[in-house]
Amino acid sequence: MATCFWLRSCGARRLGSTFRGCRLHPRAGGLVPAPGPAPGPAQLRGYAGGLAGLSAALLRTDSFVGGRWLPAAATFPVQDPASGAALGMVADCGVSEARAAVRAAYEAFCSWREVSAKERSSLLRKWYNLMIQNKDDLARIITAESGKPLKEAHGEIFYSAFFLEWFSEEARRVYGDIIYTPAKDKRALVLKQPVGVAAVITPWNFPSAMITRKVGAAVAAGCTVVVKPAEDTPFSALALAELASQAGIPPGVYNVIPCSRKNAKEVGEAICTDPLVSKISFTGSTTTGKILLHHAANSVKRVSMELGGLAPFIVFDSANVDQAVAGALASKFRNTGQTCVCSNRFLVQRGIHDAFVKAFAEAMEKNLHVGNGFEEGTTQGPLINEKAVEKVEKHVNDAVSKGATIVTGGKRHHLGKNFFEPTLLSNVTQDMLCTHEETFGPLAPVIKFDTEEEAIAIANATDVGLAGYFYSQDPAQIWRVAEQLEVGMVGINEGLISSVECPFGGVKQSGLGREGSKYGIDEYLELKYVCYGGL
Ligand code: NAP
């Protein structure tokens, strides 16, 4: 508590000026909107199969700070990537709103850290229960803002809610240590204490789960958070805020400050350099991660970085082709190829190459259905925006110009500007862009190889290392390859590896730290050594 009082007083001096020009004004007990235009009602547009009929309580457009819904001076539009339809206008927070949110989180931290682990656990559990009760509405929000097929959006809501459930259980399992030193009159203790306020910045590809994977751990540990969601997908973050409030999570523990891409740089800098913030937790591209690491370095903050990948998917001669094809479909085409653990490069051994490519192409044609995420049977929704489509197109054109063969797909889809055909390329070589840049779209490029050593060398010839997959029926090879792949997560004869119980994270430039699992909560805890003498 002493730390809190010291920082609060010095923070108050520093923060006095941050409220100038900000539409949030501090007062005892919380923050209230400054006089000005009244907050507008949610202006989300409903459409058949979309958001029509959704509970207005979940369709929020204001920021959520200190337990209050607050408008910002400006708004930005959010669009459905499938149809281009406007979904709503959302509060476009700036630096002053960001600083106010940090202040609210810091004030809440001073009391939240004192709440018993059992009580934190029970509140997280209530939040989880509310997510499950509202799962259909939450899934529809994800499909509307990200384009993800509704079935996958439901899957994300369960995955997302399970992080709250998991960390509600982990909250009560934070233990310290007693150490016996050589000095007979002393005992050494190790305490685990919450880090403080965490700045949380998340991407659009899992608009809900990338938040709860961080926030569940942070809140369980006794930290409070300021979340900046992606411009494309703020509604899921705001719906989570409504449910946190209904669950009784105290004001200021979970704050959300949406902002436009135009403001992301300065809002990111404001929350990542604020002296009241102790931890930066980011999921997104390696490029942005490096910017945030600079912010962290200047003020020496703890960091968790979940960054980009370039997952290899290796099929050895001994593999079961059907199993490998099923794994390839799952790992490549989930979320239309827009996950950080999606296979980016397929390495297939010469002996099995032709059989695998043929079976993979047939399976793609049979199982992948491009469409609006709300339509029954759609497995491939739109990409998030036209820039994403341009990148896939660039990778295909580059590969073809250097000698790759289009087995299936290869061009934009007639459904609209954000759609691209699921594409399989063979005769791919390592000089092609798609083998060393993350495509983040529905493109599967196949490289042929001869030996295990060659496959390992190709797989590891990159400066990132998030996930890697391989298919083999040879036990000795399985051990060798699993140990040699330079990645944080390995799928052996398996294309889907994410689970709340298991540690998620990468090596090299794919990031720092692990999320989920029994290790995830450690990212939000400090060790304090206490030497107890005079015994
Ligand atoms: P991104 O451009 O890095 O954006 C991620 C978040 O950072 C968004 O909220 C974005 O805001 C914000 N941002 C962008 N520039 C910023 C800046 N200068 N300062 C502060 N914040 C900033 O990543 P993305 O393209 O949306 O997401 C795809 C990437 O995320 C891929 O590389 C993927 O592999 C990676 N990813 C990794 C994991 C993992 O667990 N390792 C999981 C999912 C995705 P705006 O939306 O306003 O731009």
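Mentor: This is a predicted model, where local features need pLDDT of at least 70, side-chain atom pairs count only at pLDDT 80 or more, and totals for chains, interfaces and linings use all residues. Residues are numbered from 1 along each chain as its sequence is written, and side-chain values use heavy atoms, with hydrogens and water left out.

Trainee: Which residue forms a salt bridge with Glu362?

Mentor: A salt bridge here is a side-chain nitrogen of Lys or Arg within 4 Å of a carboxyl oxygen of Asp or Glu. For Glu362 the closest N and O atoms are 3.3 Å apart. Both partners lie in helix α11 (residues 350-367), four residues apart, about one turn of the helix. Helices (H or I, at least four residues) and strands (E, at least two) are DSSP runs, numbered from the N terminus. The partner is Lys358.

Trainee: Is Lys358 buried or exposed?

Mentor: Buried means under 20% relative accessible area, exposed over 50%, and partly exposed in between (1.4 Å probe, protein chains only). Glu362 is partly exposed at 46%. Lys358 has a relative accessible area of 55%, so this residue is exposed.

Trainee: How many residues apart in sequence are the parts that Arg261 and Glu231 tie together?

Mentor: Arg261 and Glu231 form a salt bridge, with closest N and O atoms 3.3 Å apart. Arg261 lies in helix α8 (residues 261-273), Glu231 in the loop between β10 (224-228) and α7 (234-247), so the parts they tie together are apart in sequence by 30 residues.

Trainee: What is the relative accessible area of Asp398?

Mentor: Asp398 meets Lys402 in a salt bridge, 2.7 Å from N to O. Lys402 is partly exposed at 38%. Asp398 is buried, and its value is 14%.
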